[in-house]
Amino acid sequence: MAEIWQQQNKETGLTAHGLSHSHVLSTDEFVVIAPTDPIVAVLGRDTTLPCSLSPAMSAENMELRWFRSKFSEVVFIYQNQREQKEGQMPQYAGRTSLVKDFLIRGEAAVRIDKVRISDNGQYTCFFRKGRFYEEATLEVKVAGVGSAPQVHMERLEEDGVHVTCTAFGWFPKPQVQWRDCSGETFLDSSEAHTQDAEGLFRVEASLLVRNSSVGIVSCSILNPILGQEKAKAIFIPEPFSPQASPWKPAFAVSLSILVLVILGAGYFLRKEHSAKVQAVKARALNLLELLSLETLQEVTDFQSWNQEKQLSMKGSTGECSTSLCLRLPVVCGNHR
């Protein structure tokens, strides 16, 4: 890299970082080596960004700098054998320090405390000695394991049972898997992801269980970087399994029978009520007929009595006739 910059800036003698880069080969030249594989940093824990020199030489009197995508985005600076806080990005203030244990052998590392999601991404470590410098890039992958999943049966649909699985606090975006008791994976599921203000993921997945013989269904949330997962299982009872549950036809039959019973009862009640009304009417008519007959008979008797009375008053004896006294004893008695 030093030779490339030397050729590109041979006329000006300046590098991309505004530093002079000598084109003269010397014993001070070195190569900076950084890990080729990403550094996995767990959320909330500490991590280190190591870099080393080849060939091995002391870095105590060198300038060491770790920065992000730009040279001015400073994570940590070591210069004149001490830490330099000037120009450091605010989010790294008080969270970074230099590991000096093997600095004499050209091995240096910056430790970042309490890893955040914003620490995820690419870093560059820069070493300079005199007019010569070299740099190397490394990648940090931040990962975090969130809550255990919560699994619920939401509702019973015509073609199966709807089950949901939710979890939060994961980074990066987690993977969701549904399995039955034998470990087989369900493929016809859906999921949705959202991020909170801190960048942590919340996932909500749903599954429609159509097979009545499944019994147990589990939902697992997997962190793809850490390879760690959390799972939760739920038992789906047979009555809730659409293919095995007789509740729908039984309910339909029961409902039909209930409707027939209500209709039949109403019919018989109306019929009985009508019969009772007819009987009451008949009794009332009979009573009226009897009252009419009795009244008519009394009127007839009174008329006969009146006639006989008039006849008897014309006679000499003044006694009631036998037939009249038999029919109207009260009147005859008074007359005597």
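Leu222 stands opposite Glu229 in strand 17, where strands are DSSP runs (E, at least two residues) and helices are DSSP runs of H or I with at least four residues, numbered from the N terminus. The model is predicted, so that local features need pLDDT of at least 70 and side-chain atom pairs count only at pLDDT 80 or more, while totals for chains, interfaces and linings use all residues. Residues are numbered from 1 along each chain as its sequence is written, and side-chain values use heavy atoms, with hydrogens and water left out.

Strand 16 (residues 216-222) and strand 17 are antiparallel and are paired over 7 bridges; two strands pair if DSSP finds at least two bridges between them. Strand 16 also pairs with strand 13, again in the antiparallel sense, over 6 bridges. In this second pairing, Arg179 stands opposite Ser218 in strand 16. Together, 3 strands form an open antiparallel sheet in the order 13-16-17. Strand 13 (175-180) and strand 17 (229-235) are its edge strands, each pairing on one side only.

In a regular strand the side chains alternate between the two faces of the sheet. For strand 13, the covered face holds Val176, Trp178 and Asp180, whereas Gln175, Gln177 and Arg179 make up the uncovered face.

A further antiparallel pair consists of strand 14 (residues 189-195) and strand 15 (residues 201-209), joined by 7 bridges. Within this pair, Thr194 has Arg202 of strand 15 as its bridge partner. The hairpin of strand 14 and strand 15 has 5 residues between the strands, and Gly199 takes a positive phi near 95° there.

The interior was examined next. A nonpolar core is a set of buried Ala, Val, Leu, Ile, Met, Phe, Trp, Tyr and Cys residues joined through side-chain atoms within 4.5 Å; buried means under 20% relative accessible area, exposed over 50%, and partly exposed in between (1.4 Å probe, protein chains only). The largest such core has 36 residues, and those with the most contacts inside it are Leu64, Trp66, Leu98, Cys125 and Phe127. Strand 10 gives the largest share of this core, 5 residues. Because domain 1 (31-143) and domain 2 (150-235) both give residues to this core, it lies between them; the domain bounds come from an automatic or database domain assignment.

Leaving aside neighbours within four places in sequence, Leu64 is in contact (heavy atoms within 4.5 Å) with residues including Phe76, Tyr78, Leu98 and Phe127. A second, separate core of 19 residues includes Val151, Ala167, Cys219 and Ile221.
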